[in-house]
Amino acid sequence: MGLSTSTKPFKERIEESKKDKFMQQAVAKAQDTQWVKREDTRDALGNWQEWRELGEQIRQHSINYLPDYLEQFSDNVAKNGGHVFFAQTAEEAQNYVKQLVIEKQAKKIVKSKSMVTTEVDIDPMLLGLDDVNVMETDLAEFILQMDNWDEPSHIVFPAIHKNREQIRQVFEKKLGYKGDNDPKNLAKCAREVMRKFFLDADMGITGCNFAIADSGMINLDTNEGNADLTISIPKTQVVLMGMERIVPSMKEAEVLDNLLARSAVGQVLTTYCTFAGRKNSDESDGPDDFHVVILDNGRSKALGTVFQPVLQCIRCGSCLNVCPVYRHIGGEGYGSIYPGPIGAVLSPILGGYKQYKELPYASSLCGACTETCPVKIPLHNLLIEHRKVMTDDLKMQHGFEDVQMKVVGKGTASPRLFKMALHMAHGGMGPLSKKKGIKVQNMYRYGGYIDKGPGLVKGWTDVRDLPRPPKYSDSFREWFKEHKEGDK
């Protein structure tokens, strides 16, 4: 899978998503539910905007001094008996984990939920090794694994596109489950399967919410406890983290944990908020062998550029939960493991414009994502910046669309041409307009509406009605001119 979740063209993915009515209903319900929970817990914290500013300052400071804090973290991990590997690419990260599995002769590996492990394709690599069995221990990821490694559709809720009956059928087919589709019974079945695997696991692999520079510890936030078991039982633990997930100390981590829990799941704090590292000599559980893989994989391309703020992201998924585009196409429409507004900004940086050139345009630029972001990433502005890069610097606009944009640009830049277009708009749009089914008479009183516009207009009229322009004599300009003169 890696960063990309689909080989289908963008338009084909969108058409499939538009037909998936269950997914749309599930996403809408989740968005509405999360809105209430999220806003309630944010209000309970008090002075939410000040907390956001503090979160932004912490993340900006950490990114600005990234080399220093990564070096400090690495030194402290080594001081505690652990190992740190800096991976420039996904392949380097994958190879390090592969060699470690072979060296340790690990046969059973448990994984907690981690976007980075998915980004570097750890699962397929492990499954390709002889006699190696892997189990995803986050319930949603476990469901996707049982369903032939189905694609995730949300950063925080990967299986949001499945209902309980679909999950029951998956468990029946793969696990021999005979019960009903009650979520409690389904979770109990998953728990029984996972627990047996946990007790025999040779290696645990986790992600990392935040890495603590001054102690060499990692911070994990979960609600199921699977990550705690992953780092407690196996003798070898491997942590994969994006290089930006660093904070100076536990003090800053505590602030970000507060922001994360409230923004991601609408909780005051996640059920399990864990700080961990290599097992101390006086501890009975935890790993004897502790490894941290710090991944670049394109992140450094954002440093020192207008896109640097995207590295502030704490992966709360809040932007997805307010996005109207995500509400309609879900996560799979984006074709990246990072969907929604954050994915539309991050994916072109990590994967390149050639593969993800459509994503910056998959936005209404309403700004809801920017408004809800707990660390104040200007997401909608960064989407505009991507469009500027593709249009102005890379000149990726080609063909008929480019011609149309140039015509529109010249027409709107010239007062004479623009006025001529206003005179011609009503008559010119006449053949494309229709009156059938009009219910809002006042809106369409100039002769119907356009539902099959040509060229660039088609993207709008496919999903919205476009009223036919009025005659020039009825236009606002003429109305204003008449009334302004009347006021004199």
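This is a predicted model: local features need pLDDT of at least 70, side-chain atom pairs count only at pLDDT 80 or more; totals for chains, interfaces and linings use all residues.

Me: OK, rings with rings now. How many aromatic pairs are there?
Reply: The count is five aromatic pairs. One of them is F85 with Y96: the ring centres are 4.6 Å apart and the planes meet at 10°, so this pair is stacked.

Me: Where do F85 and Y96 sit in the chain?
Reply: F85 belongs to strand β1 (residues 83-87), and Y96 belongs to helix α5 (residues 90-104). The two are eleven residues apart, and the pair links distant parts of the chain.

Me: What about F85 itself, how accessible is it?
Reply: F85 has 26% relative accessibility, so it counts as partly exposed. The cut-off for buried is under 20%.

Me: Which kind of pair do F142 and F171 form?
Reply: That pair is edge-to-face, with 75° between the planes and 5.8 Å from centre to centre. F142 comes from helix α8 (residues 139-146) and F171 from helix α9 (residues 164-175), 29 residues apart.

Me: Are F142 and F171 buried or exposed?
Reply: F142 is buried, at 0% relative accessibility. F171 is buried too, with a relative accessible area of 1%.

Me: Which residues do ring pairs link into a cluster?
Reply: That cluster is made of F476, W479 and F480.

Me: Let's zoom out. How many helices and strands does the chain have?
Reply: There are 21 helices and 13 strands. The C-alpha atoms fill a box of roughly 90 × 55 × 45 Å along the principal axes. The chain has 488 residues, and 49% of them are buried.

Me: What domains does the assignment give?
Reply: It gives domain 1 (1-46 + 317-398), domain 2 (47-136 + 202-301) and domain 3 (401-485). Taken over C-alpha atoms, the centres of domain 1 and domain 3 are separated by 30 Å.

Me: And the contacts, what share joins residues at least 24 apart?
Reply: That share is 73%, counted among contacts between residues at least 6 apart in sequence.

Me: Which residues of α3 are buried?
Reply: The buried ones are W48, R52, G55, E56, I58, R59, S62 and I63. They cover an arc of only 165° around the axis, so they lie on the same side of α3. On the other side of α3, E50 and N64 are exposed.

Me: What covers the buried residues of α3?
Reply: The cover includes α2 (21-45), α4 (66-79), β8 (246-247), α12 (250-264) and α16 (368-372).

Me: You mentioned α12. How many of its residues are buried?
Reply: Eleven of the 15 residues in α12 are buried, so this helix is mostly covered. Among them are E252, A253, V255 and L256. The buried residues of α12 pack against α2, α3, β5 (210-212), β6 (217-222), β8 and β9 (272-276).

Me: How far does α12 reach?
Reply: From first C-alpha to last, α12 reaches 20 Å, close to the 21 Å expected at 1.5 Å a residue. Just after α12, G266 takes a positive phi of about 65°.

Me: Which loop is Q105 in, and what is its phi?
Reply: Q105 is in the loop between α5 and β2 (108-111). Its phi is near 55°, a positive value in a residue other than glycine. Q105 is exposed, with a relative accessible area of 59%.

Me: Last one: where does L365 lie?
Reply: L365 is found in the loop between α15 (353-356) and α16. The phi of L365 is positive, near 55°. L365 is partly exposed, at a relative accessible area of 29%.

Definitions and conventions. Residues are numbered from 1 along each chain as its sequence is written. Side-chain values use heavy atoms; hydrogens and water are left out. Rings of Phe, Tyr and Trp (its six-membered ring) pair if their centres lie within 6.5 Å; planes under 30 degrees apart count as stacked, over 60 as edge-to-face and the rest as tilted. Helices (H or I, at least four residues) and strands (E, at least two) are DSSP runs, numbered from the N terminus. Buried means under 20% relative accessible area, exposed over 50%, partly exposed in between (1.4 Å probe, protein chains only). The arc is that of the directions from the helix axis to the C-beta atoms. Contact means heavy atoms within 4.5 Å. Domain bounds come from an automatic or database domain assignment. The expected span of a helix is 1.5 Å times one less than its number of residues.
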